[in-house]
Amino acid sequence: MTKTKDVYTVNESGELKAPLVCSHRLLLAFLAFLGFFLCYAQRNGLAVGIVCMVNPDADNMTLFDSSDTPMIERDIPAACHKHTVQKSRSESQVLFWPKSTRGVILGSFYWGYALTQIASSVAVNIFGPKQFLAMLICVSSIATLLLPVVSKFGSFLVVLLRVVAGAAQGGLWPTIFRFWATWAPASERTTLLSFQSSGPSMGTIVSLIIGGLFCGFTFNDSIPFIFRFGWAYFFYLLGKSICTKGCTKQQVSLNFARKSMALSDLIGVLFVMNIDPSIASTPFADIHGISYFKGEEEILFSVHFIFRLGLIKQIDGNNRLWQVDLTLTSDNDPNLHSFAEQI
């Protein structure tokens with residue numbers, strides 16, 4: 001049995017099934033892939049970046065003079081001097097973190113990672129998988145973005161940021177399993193999850209490949225510390241995609257609005273509805289549990305709903321794509337009563 005030119009089919013169990021190709025479910029899987037790609041690049045990028053950051057002489061005995069300038073004293077026996085090879089130092093290797101400090105920095109990520117495994121599985125049921133996943137990626141990105149800024153002030157702040165990033169990423173897997181349990185049909189869950197699960201491997205590979213490229217350039221001393229070294233731009237690159245996953249349900253509606261632009265005599269309008277469920281109003285219902293399009297989380301409104309018109313603005317500067325903000329009115333709104341009397 002087919003419907004609308006084989007767009008929808010009925011399988012042997014009698015379940016109506018929509019194609020996966022070019023579907024919103026596949027789009028969500030791609031966005032999840034990018035989110036995991038970004039997070040795992042942030043997780044493993046420091047393993048390469050720290051080599052560009054730390055002075056190789058930091059592992060020797062380090063003293064400080066009266067001006068707090070590091071002075072290197074090599075603790076090497078005289079008999080071994082002829083076998084000693086002078087380590088080359090890049091201009092970007094300016095931080096004096098010995099092996100013990102570097103070990104703490106690299107391992108601190110998993111301190112936070114271990115703390116949020118169970119807590120995140122509870123929190124995702126409170127905030128919802130879409131919002132919680134977006135929040136986790138945002139927090140991890142912000143922590144990575146700030147890392148070059150605080151590195152000058154001491155290793156403690158770097159450790160703190162890595163703990164925060166680890167705590168955020170500790171909730172990724174519990175959240176993504178809850179995410180697909182909500183958004184993916186059972187027959188497609190394995191396919192969508194496997195596509196998204198390739199993000200961690202790709203993020204790790206890419207970060208390890210490109211991380212060393214940022215060690216090759218350094219600007220002059222007139223440039224502020226946070227913009228002077230190539231490794232700083234590596235972390236800025238990893239952290240720049242802040243909150244790119246904060247659009248899921250709205251993106252579905254926006255895609256419908258964009259489709260209208262294919263016809264020259266139509267414009268697309270995205271209605272953003274602000275609804276306070278605590279006010280008295282005409283009843284409405286969340287039907288995502290019984291609607292066929294479960295991924296869209298549809299709300300069913302009655303024909304008597306009245307919204308207050310708010311801001312009207314263009315989207316992306318396009319004069320054929322507009323956003324209209326609406327606010328649900330209360331049944332006790334005096335302006336609504338006055339309007340009803342006039343008509």
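**Close-up views of helix packing and nonpolar cores**

**View 1. Helices α3 and α6 cross with right-handed geometry.** The model shown here and in the views below is predicted. The two axes, of α3 and α6, come within 8 Å and cross at roughly 35°. On the α3 side, the residues are Q117, S120, S121, V124 and N125. They meet P174, T175 and R178 in α6. Sorted by class, this α3 and α6 contact has 5 polar, 2 nonpolar and 1 charged residues.

**View 2. Helices α4 and α5 pack at an angle of about 165°.** Helix α4 spans residues 129-150, and helix α5 spans residues 155-169. Their axes lie 8 Å apart. Angles over 145 degrees count as roughly antiparallel, so α4 is roughly antiparallel to α5. The crossing of this pair, α4 and α5, is left-handed. From α4, the contact draws on L136, V139, S140, A143, L146, L147 and V150. From α5 come L157, V158, L161, R162, V164, A165, A168 and Q169. The residues of this α4 and α5 contact divide into 12 nonpolar, 2 polar and 1 charged.

**View 3. The largest nonpolar core has 45 residues.** Those with the most contacts inside this core are M53, W97, W180 and W231. Several helices give two or more residues to the core: α1 (24-53), α2 (99-115), α3 (117-127), α4, α5, α6 (172-183), α7 (189-211) and α9 (230-239). Helix α1 supplies the largest share of this core, 11 residues. In soluble globular proteins, nonpolar side chains tend to be buried together.

**View 4. W231 and its contacts away from its sequence neighbours.** Neighbours within four places in sequence are left aside here. W231 is in contact with G49, C52 and M53, among others. Further contacts of W231 include S92, V94, L95, P148 and S151. F214 and F225 also touch W231. W231 is itself one of the residues with the most contacts inside the largest nonpolar core, and so is M53.

**View 5. A second, separate core has 5 residues.** Among them are A257, L270, I315 and L321.

**View 6. The whole protein chain, for orientation, has 11 helices and 10 strands.** Of its 343 residues, 37% count as buried. Take the contacts in the chain between residues at least 6 apart in sequence: 68% of these join residues at least 24 apart.

Definitions and conventions. Residues are numbered from 1 along each chain as its sequence is written. This is a predicted model: local features need pLDDT of at least 70, side-chain atom pairs count only at pLDDT 80 or more; totals for chains, interfaces and linings use all residues. Side-chain values use heavy atoms; hydrogens and water are left out. Axes are lines fitted to C-alpha atoms, for helices over the stretch in contact, and angles run from 0 to 180 degrees between N-to-C directions. Helices (H or I, at least four residues) and strands (E, at least two) are DSSP runs, numbered from the N terminus. Angles under 35 degrees count as roughly parallel, over 145 as roughly antiparallel, 65 to 115 as roughly perpendicular and the rest as oblique. A crossing is left-handed if the near helix is turned anticlockwise from the far one by less than a right angle, and right-handed if clockwise. Contact means heavy atoms within 4.5 Å. Ala, Val, Leu, Ile, Met, Phe, Trp, Tyr, Cys and Pro count as nonpolar, Asp, Glu, Lys and Arg as charged, and the others, Gly among them, as polar. A nonpolar core is a set of buried Ala, Val, Leu, Ile, Met, Phe, Trp, Tyr and Cys residues joined through side-chain atoms within 4.5 Å. Buried means under 20% relative accessible area, exposed over 50%, partly exposed in between (1.4 Å probe, protein chains only).
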